[in-house]
Amino acid sequence: MDFVPGFIRDFLDWLMYVVLTPLFSAIGNALQLVIIAPLDALGAPLWLQVVLIAVMTAGVSILIRKLLRVDEKEAAFQQAFMARKQAQELIKELDDWKKQAVLYDASDKELDERFNEYLAQRFARYGLTYLMPVFFALFWLDHIPAVVRLKKETGAVFVISFPGTVKGVSGISLPLLFITVYLLVIFAYFRFRPKRKIEQLSSLYQK
């Protein structure tokens, strides 16, 4: 980090310890009070708490997806991409093969640029939609009192313990249960939601 100017390091330290750490700590305490405390009061086992939080996290991802208008942006790109591909078909009607080659080359470069821009934007959108909620939820779960206590007592976080070992495994870990439930909810959402414009355009393009 020697190549980073001192004032930038100072700013990053200030951002981490003065802004982000207290902010996430406050959010974690609020979630603990609103979600975990009532579940503990009801006597819900840890595995059930993890399942419910995974379902909530999937709901947050779906909400973020809607707020970012991912479907609309995907559909708009597909429509624009197909329109440009169809425009390329008109180049075939030119009699001069040299002009055809120049136009094909220019069109292909433009398509490549648009596609690379689309991939970068898609990566950013999907990171915000899926990776960030999962990362923060798992980070928060790893610091709730029940999990901290379980790690101190057993050295591991098996939210579901087997009576014996199954192929050397003593139980189902917190991350595995969380990710499994999260993915099942996301899969169910895409499986049973009404067919959107993006799927219709994709089907048309494949034909």
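1. Let me begin with a side chain: that of Thr129 reaches the backbone oxygen of Arg125 at 2.7 Å. A polar contact here is a pair of N or O atoms within 3.5 Å; within protein, one must be able to donate a hydrogen and the other to accept it, and residues adjacent in sequence count only if both atoms are side-chain atoms.

2. A word on the ground rules: this is a predicted model, in which local features need pLDDT of at least 70 and side-chain atom pairs count only at pLDDT 80 or more, while totals for chains, interfaces and linings use all residues. Residues are numbered from 1 along each chain as its sequence is written, and side-chain values use heavy atoms, with hydrogens and water left out.

3. Where does Thr129 sit? Its place is in helix H4, residues 97–141 (helices are DSSP runs of H or I with at least four residues, strands are E runs of at least two, numbered from the N terminus). Thr129 is buried, with a relative accessible area of 1% (buried is under 20%, exposed over 50%, partly exposed in between, using a 1.4 Å probe and protein chains only). Leaving aside residues up to four places away in sequence, Thr129 touches Ser61, Ile64, Arg65, Leu68, Val70 and Tyr182 (contact means heavy atoms within 4.5 Å).

4. Tyr182 leads us to H6, where the buried residues are Leu174, Leu177, Phe178, Val181, Tyr182, Ile186 and Tyr189. They cover an arc of only 155° around the axis, so they lie on the same side of H6 (the arc is that of the directions from the helix axis to the C-beta atoms). An α-helix has 3.6 residues a turn, so residues three or four places apart point the same way. On the other side of H6, Leu184, Phe187 and Arg191 are exposed.

5. Is Arg193 buried or exposed? Arg193 is buried, with a relative accessible area of 11%. Its side chain makes a polar contact with the side chain of Asp71, at 2.9 Å.

6. Finally, the overall picture. The protein has seven helices and two strands, in the order α-α-α-α-α-β-β-α-α along the sequence. Of its 207 residues, 28% count as buried. Among contacts with a separation of 6 or more, 65% come from residues 24 or more positions apart.
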